[in-house]
Amino acid sequence: MVGVILQSAVAIQIGIVVAYLLLALGVGLVAYRLTDRTAEDYYLASRTLGTVVLLFTTFATLLSAFTFFAGPNIAFAYGPEWILVMGLMDGVIFGVLWYVVGYKQWLVGREHGYVTLGEMLGDRFGSPLLRGLVAAVSLFWLFPYVMLQQVGAGGALSALTNGAVPYWAGVGLITAFMIVYVVLSGMRGVAWTDTLQGLFMLTMVWAAFVWVLAGVGGIGAATDALASSNPEFLSLGDGSAAPSLLGGGAYSLPWMLSQAIGIAFGVAMFPQVNQRFFVADSERVLKRTMTLWPIVVLLLFVPAFMLGAWAAGLGVPMPESGNILPGLLAEYTPTWFAALVVAGAMAAMMSSSDSMLLSGSSYFTRDLYRPFVNADASERREDLIARIGVAVFATLAFLASLFNPPSLFVIGDTAFGGFAQLAPPVIVALYWSRTTRWGMFAGILGSQLFYAVTTFTPPAGETTTVWGVVVPGVIETFAGWSSSVVGMAVGLALVVGVSLVTDAAVAEQPSVLAGPTDD
């Protein structure tokens, strides 16, 4: 009898998730019928997005497995102050960057028809090599973040069904769905489905918030339990938690600022986010979206992260999947509701992955394939190559996700920091007319090298062996600041310093960009 009940519960859970996937696919098919077979329409929906769709496609694109699983996991282990990092700090900083970077890029893209960041910078400095470098760096850091979504989806389905759907099958299901959906629908379908997914995410997380609190006796009871079991969680900036997180000092002021700055600047350089700076229908749409952004961010982060923190006080054990949210829901909500919330989490993952695959494909076709392989490719051929690229990229990430990847936090945090290194050179190029091509190369390559060395080598005093070569450890934190933020400072110093000692040639260039290119 118990076995029959368990089988019935698993069937309900799988049915809810599959039904949601089919609904999203239906939206994508409608978008496919309305999409022109041109690269610009496939990548940017012909730059016609309005306020609601632009807001929610950006919102849903960013709110990935890192938000739904890694965020509550951090709050569960170290306290709810993570809300300050991802909510108030990150929401505000990225809102400012939306104007500083996004508005300028929108002006440039509207006037010159740019589709990617590399295309814009390559034209700015007359350098196909710079264009290819930006694309290559972006694709390098995009790969682990796509993998993060697949890891999260596989773990979520496995935990939800108590292992009836194995990890590899969950990852495979989401990967196959994303390939079909993105190949068919392009930006128009992605944006429409993201809007649906964003609204669904908000609804589900707030419903879970209310349901769990009703089950434990309200906010006061949940917080009292947390204060009894983990009083240090309610002491802001304790700084003693989590020596495993970025070398220690979690929730100290430098650690929190490092996380907020690194994540916000990294987000602005994410291909799937950066391209949304090009797609607004008008200046008014772009500015309205920027204003609403911090509000929508807090509406999701506060309930999701507080659920993770309260789970620690309520004594909910961490499931084998390593994600606390499904465990909390299994404890306090019925099976069908837990399945709906996990479907919302999978919506977050899919709405990130579909945009990543689409943007990664555009970076490959526009900035690598067209300039270096086939400069005379037709619009239809580029469109075909883009769709093939989506399938190849997703399949490679699927294969990588099967080999015991590190935690969601480590994967996401590493990718955020890598993208953040692009921000100082890009901002300098947009606003300083004295910037030169060599300054850009120095800023991008120097900061990426610094970040890679400080991220992928062992801590100071330790060694590792790579292909038979002993690699000594280096310092990974700098007076409490992360290597991501220090790397950004290195990149800024290099792009400015090298530009000052190299000559800029007089050459025609886009009027809305900041000055002459160099030879």
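Is F441 buried or exposed at 12% relative accessibility? F441 counts as buried at that value, where buried means under 20% relative accessible area, exposed over 50% and partly exposed in between, with a 1.4 Å probe and protein chains only.

This is a predicted model, in which local features need pLDDT of at least 70 and side-chain atom pairs count only at pLDDT 80 or more, while totals for chains, interfaces and linings use all residues. Residues are numbered from 1 along each chain as its sequence is written, and side-chain values use heavy atoms, with hydrogens and water left out.

**Aromatic pairs**

A search of the whole structure finds 16 aromatic pairs, a pair being rings of Phe, Tyr and Trp (its six-membered ring) with centres within 6.5 Å, and the planes counting as stacked under 30 degrees apart, edge-to-face over 60 and tilted for the rest. Among them is the tilted pair of F209 and W310, which links distant parts of the chain, since F209 lies in helix α8 (residues 167–216) and W310 in helix α12 (residues 283–313), 101 residues apart. Helices here are DSSP runs (H or I, at least four residues), numbered from the N terminus. F209 is buried, with a relative accessible area of 10%, and W310 is likewise buried, at 4% relative accessibility.

The rings of W438 and F441 also form a tilted pair, but these two residues both lie in helix α18 (residues 437–456), three residues apart, about one turn of the helix. W438 counts as partly exposed, at 47% relative accessibility, whereas F441 is buried.

| Pair | Centre to centre | Angle between planes |
|---|---|---|
| F209 and W310 | 5.5 Å | 35° |
| W438 and F441 | 5.8 Å | 40° |

Ring pairs also link F94, W98, F277 and W293 into a cluster.

**Helix packing and burial**

Helix α10 (residues 253–269) and helix α19 (residues 483–501) pack at an angle of about 60°, with their axes 8 Å apart, the axes being lines fitted to C-alpha atoms over the stretch in contact and the angles running from 0 to 180 degrees between N-to-C directions. The contact (heavy atoms within 4.5 Å) is made by S258, I261, G262 and F265 of α10 and by S484, V485 and M488 of α19.

Elsewhere, helix α6 (residues 117–124) is mostly covered, with seven of its eight residues buried, including E119 and R124. Just after α6, G126 takes a positive phi of about 60°.
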